[in-house]
Amino acid sequence: MAGQSDPNVSIFSGEEVEFMAEDDMVEIVPNMRMEPLNMLCGDFGPFYPQMATQVPMWLAIALKKRGKCTIRPPEWMSVENLTQILEAERESQAAFQVLPFHYVEISSLLFDYASGDIPDLYMVRSLINDIRDARFLKVESSLESFEDARSSAVKVKNLSAMEVNVVRPFVGRALQSFYKHGSPDLVPNPEAMSARRPQATDNIQRRPLRKR
């Protein structure tokens, strides 16, 4: 993945974050009978008609595509719960409400593959979009206060995966700017450190290699 293979990139793509979210468990209601599935990541099933069971999101999507199950949205995706979360997010400009770490990706996957299984679909979609927007506004405010305070650390609870993914590169650049503006004690300068390492090795006497 981009964030792991390239050391100069500290942010994952939306597709990569969504891929990681597919390991989260979700409840399905099969409409067929099937023996347990023995996967490298675990055993799932057996599956019986109309008997709910827990499977990873990627398996739920695969079965849904084949018309083998319906997917039950998690409890936090009800209109009542989302309305309460949105009100709480708007009331507090500092605190973030507790939501699943992959709430953005989970809801997006369900909208794409199981929209017919979601009661009050349009209201749920609208509420989640409003919650996401409210939280991202607070993320921006947190970054601004972090930069204004010229602090070497910031503590924000209950961020989601997508929000952490957005924050990470900004925090990294902010810390680098602190160093460049005369605060070397806060963050070591990677370029200076890498420049010093070869000098240390150059002072070591090297023995000539023997000719073979």
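Apart from its neighbours within four places in sequence, Met34 is in contact (heavy atoms within 4.5 Å) with Pro46, Phe47 and Leu63. The C-alpha atoms of Met34 and Pro46 lie 5.9 Å apart in space, although the two are 12 residues apart in sequence.

This is a predicted model, in which local features need pLDDT of at least 70, side-chain atom pairs count only at pLDDT 80 or more, and totals for chains, interfaces and linings use all residues. Residues are numbered from 1 along each chain as its sequence is written, and side-chain values use heavy atoms, with hydrogens and water left out.

The protein holds 8 helices and 5 strands, in the order α-α-β-β-β-β-α-β-α-α-α-α-α from the N terminus. Helices (H or I, at least four residues) and strands (E, at least two) are DSSP runs, numbered from the N terminus. Of the 212 residues, 33% are buried. Buried denotes under 20% relative accessible area, exposed over 50%, and partly exposed the range in between (1.4 Å probe, protein chains only).

Beyond its neighbours within four places in sequence, Ser160 is in contact with Pro100, Phe101, Tyr103 and Arg135. For the protein, residues 24 or more positions apart account for 65% of the contacts with a separation of 6 or more.
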